[in-house]
Amino acid sequence: MLATQKKMQLSKVQGHDSGCECFFIKYGDVGIKLYDDEDHATRVADRQRKASEHGLGPDILGDVAAYCMPEDLIELAPLNMRKPVLYGYETEIVEVRSDTPWAAIKSLRLEMEDVWGCKIFDCGCRNAGWKSGKLVCIDFGDCSFEELS
Ligand SMILES: Nc1ncnc2c1ncn2[C@@H]1O[C@H](COP(=O)(O)OP(=O)(O)OP(=O)(O)O)[C@@H](O)[C@H]1O
Ligand SMILES: [Mg+2]
């Protein structure tokens with residue numbers, strides 16, 4: 001499927017972070033999760049949509065689109081994602097805290113299994129965030145996430 005194209009502007013970038021698979025940008029009031037492959041971005045978005053429907057993930061705010069990256073923004077991306085076009089979607093921003101207790105992450109993991117039949121591999125405080133007092137999963141990438149068969 002040919003994704004809608006959106007042009008990014010550096011002036012709207014309020015912060016960024018990244019892991020092995022995702023370039024995350026705080027863009028105005030929303031977050032944008034970017035991946036270097038459209039199919040991967042679509043799988044990630046589908047998982048996050050399912051999680052948010054169960055109250056276990058941030059809200060998805062738009063469909064997967066192709067984001068055209070200006071050069072000054074490409075420089076902020078991790079080395080493996082320095083490309084003129086990345087694929088991703090807008091998401092609600094939740095609060096990622098380094099002092100999130102391990103017990104809360106463990107109970108989120110159990111909840112993901114019970115409620116949804118999914119388990120998060122990469123359980124850690126950087127892959128979960130607080131949404132209205134509830135801890136939710138934020139990392140739905142192929143490397144971090146596995147659905148129970
Ligand atoms: N919805 C969100 N709200 C706030 N911050 C977020 C959100 N999604 C991602 N982030 C930030 O961006 C970082 C990278 O996102 P994410 O964990 O999805 O990437 P990744 O490349 O899959 O990570 P990993 O290296 O763990 O596989 C997170 O650790 C977090 O700081
Ligand atoms: Mg992560």
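## Basis

The model is predicted: local features need pLDDT of at least 70 and side-chain atom pairs count only at pLDDT 80 or more, while totals for chains, interfaces and linings use all residues. Residues are numbered from 1 along each chain as its sequence is written, and chains are lettered from A and ligands numbered from 1 in the order in which they are written.

Helices (H or I, at least four residues) and strands (E, at least two) are DSSP runs, numbered from the N terminus.

## Shell around ligand 1

The shell around ligand 1 holds 23 residues, of which G19, C22, F24, D139 and G141 come nearest. A residue is near a molecule or strand if its C-beta atom, placed from the backbone, lies within 6 Å of it. Two of the elements, β2 (13–18) and β4 (30–35), each supply at least two residues of this shell.

By class, the shell residues are nine nonpolar, eight polar and six charged. In this scheme Ala, Val, Leu, Ile, Met, Phe, Trp, Tyr, Cys and Pro count as nonpolar, Asp, Glu, Lys and Arg as charged, and the others, Gly among them, as polar.

## Nonpolar core

A residue is buried if 20 or more other C-beta atoms lie within 10 Å of its own, exposed if 12 or fewer, and partly exposed in between, with C-beta atoms placed from the backbone. A nonpolar core is a set of buried Ala, Val, Leu, Ile, Met, Phe, Trp, Tyr and Cys residues joined through C-beta atoms within 7 Å. The largest nonpolar core has 33 residues, and L34, Y35, A41, L86, V136 and C137 touch the most other members. Two or more residues come from each of β3 (23–27), β4, α1 (38–53), β6 (85–91), α3 (102–116), β7 (118–120) and β9 (134–137). The largest contribution to this core is that of α1, with four residues.

Contact between two residues is taken as C-beta atoms, placed from the backbone, within 7 Å. Not counting residues up to four places away in sequence, Y35 touches E21, C22, H40, A41, V44, L86, Y87 and G88.

## Helix α1

The expected span of a helix is 1.5 Å times one less than its number of residues. For the 16 residues of α1 this gives 22 Å, and its end C-alpha atoms are 22 Å apart, which agrees. The buried residues in α1 are A41, V44, A45, R47, Q48 and A51. They lie on the same side of α1, because they cover an arc of only 165° around the axis; the arc is that of the directions from the helix axis to the C-beta atoms. D39 and E53 are exposed on the other side of α1.

The packing partners of the buried α1 residues are β4, β6, α3, β9 and β10 (145–147). K50 also lies in helix α1 and counts as partly exposed because it has 16 C-beta neighbours inside 10 Å. K50 and W116 are 66 residues apart along the chain, with their C-alpha atoms separated by 8.6 Å. After α1 comes G55, whose phi is positive, near 70°.

## Helix α3

With 15 residues, α3 reaches 21 Å from its first C-alpha to its last, close to the 21 Å expected at 1.5 Å a residue.

I105 is a residue of helix α3 and is partly exposed, with 17 other C-beta atoms within 10 Å. Leaving aside its neighbours within four places in sequence, I105 is in contact with T100, C123, G124, C125 and A128. The C-alpha atoms of I105 and F24 are separated by 21 Å, the two residues being 81 residues apart along the chain.

## Loop residues

P78 lies in the loop between α2 (71–74) and β6 and counts as partly exposed, with 15 C-beta neighbours inside 10 Å. P78 and G19 are 59 residues apart in sequence and 8.2 Å apart in space, C-alpha to C-alpha. Apart from neighbours within four places in sequence, P78 is in contact with S18 and F23.

D59 sits in the loop between α1 and β5 (65–68) and is partly exposed, with 16 C-beta neighbours inside 10 Å. Not counting residues up to four places away in sequence, D59 touches S52 and E92. The C-alpha atoms of D59 and E92 are separated by 5.2 Å. In the loop between β8 (128–131) and β9 is S132, which is exposed, with 8 other C-beta atoms within 10 Å. S132 has a positive phi of about 45° although it is not a glycine.
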